[in-house]
Amino acid sequence: MLVHDTVGTTRSQKEIDQIRQSLQARYDELTGEYDQAVLQSQVLRLVEVGDTAGDDQADSGTKTAERDTAQSLLRTILDRRAQYEHALGRLEEGTYGWCEGCSAAIPVERLEIFPSATTCVTCKQTRERRAA
C-alpha cells in the first residue's frame with residue numbers, strides 16, 4: 001500500500017498506522033455517540049407515548065421539535081461516521097490524502113483539521129459554489 005504525503009514521498013508504515021489509529025478512534029467515538037443518541041431517542045419516544053394526556057398544541061409542537069432534533073442529530077452522526085469509514089477505506093486503498101476531484105495532494109494542515117477530507121480546498125470551494 002502506498003500512501004503519499006503532500007510532497008509526493010511515501011509515508012512510512014508507522015505514519016500510516018498512526019493515521020489509521022486516529023481515524024479509527026474517531027470512528028469509534030462517533031459510533032458511541034450514535035448508540036447513546038439512539039438510546040436517548042428511544043427514551044424520548046417512551047416518555048412521549050406515556051405522557052400525551054392533556055397535551056395542547058404547544059406541548060405537541062415541543063415534542064415534535066424535540067423528535068426532529070433527535071432525528072437530525074442521528075443523521076449528522078451517521079454522516080460523520082460514514083466520512084471516517086470512507087477515509088479508512090481510502091487509507092487502505094492508498095488514496096488517502098489525495099483529492100478526489102483533481103488528484104492533487106490535500107495539504108497536511110487540512111487533514112489535521114479535517115482528517116476525513118476527500119478534496120483539496122479549491123475543489124471543496126468549487127463544489128460549494130455549485131451547490132449554492
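Me: Which residues have the most contacts inside the largest nonpolar core?
Reply: A nonpolar core here is a set of buried Ala, Val, Leu, Ile, Met, Phe, Trp, Tyr and Cys residues joined through side-chain atoms within 4.5 Å. Buried means under 20% relative accessible area, exposed over 50%, and partly exposed in between, with a 1.4 Å probe and protein chains only. The largest such core holds 19 residues, and those with the most contacts inside it are Ile 19, Leu 23, Tyr 84, Leu 91, Tyr 96, Cys 99 and Leu 111.

Me: Which elements give two or more residues to this core?
Reply: Elements are DSSP runs numbered from the N terminus: helices (H or I) have at least four residues and strands (E) at least two. By that rule, the elements giving two or more residues to the core are helix H1 (13–50) and helix H2 (57–93).

Me: What kind of model is this?
Reply: Residues are numbered from 1 along each chain as its sequence is written, and side-chain values use heavy atoms, with hydrogens and water left out. Local features need pLDDT of at least 70, side-chain atom pairs count only at pLDDT 80 or more, and totals for chains, interfaces and linings use all residues, as this is a predicted model.

Me: How many helices does the protein have?
Reply: From the N terminus on, the elements run α-α-α-α. There are zero strands, and the number of helices is four.

Me: What is the volume of the largest pocket?
Reply: The search uses a 1 Å grid over the protein atoms alone, and a pocket is an open set of points where a 1.4 Å probe fits, with protein on both sides within 12 Å along at least five of seven lines. Grid points are joined across faces, edges and corners, and the volume is the space filled by probe spheres set on the points. For the largest pocket this comes to about 240 Å³.

Me: Which helix gives the most to the lining of that largest pocket?
Reply: Lining residues have an atom within 4 Å of a point, and among them are Arg 11, Glu 15, Tyr 96, Val 108 and Pro 115. H1 and helix H3 (108–113) each supply at least two lining residues. With five residues, the helix that gives the most is H1.

Me: How far apart are the C-alpha atoms of Leu 78 and Leu 30?
Reply: Leu 78 is also in helix H2, and it is partly exposed at 33% relative accessible area. Leu 78 and Leu 30 lie 48 residues apart along the chain, yet their C-alpha atoms are separated by 7.9 Å.

Me: What is the phi of Ser 103?
Reply: Ser 103 lies in the loop between H2 and H3 and is exposed, with a relative accessible area of 54%. Although Ser 103 is not a glycine, its phi is positive, at about 70°.

Me: Which residue lies over the face of Tyr 34?
Reply: A charge sits over a ring if NZ of Lys or CZ of Arg is within 6 Å of the ring centre and within 35 degrees of the ring normal. At 5.5 Å from the ring centre of Tyr 34, the residue over its face is Arg 81.
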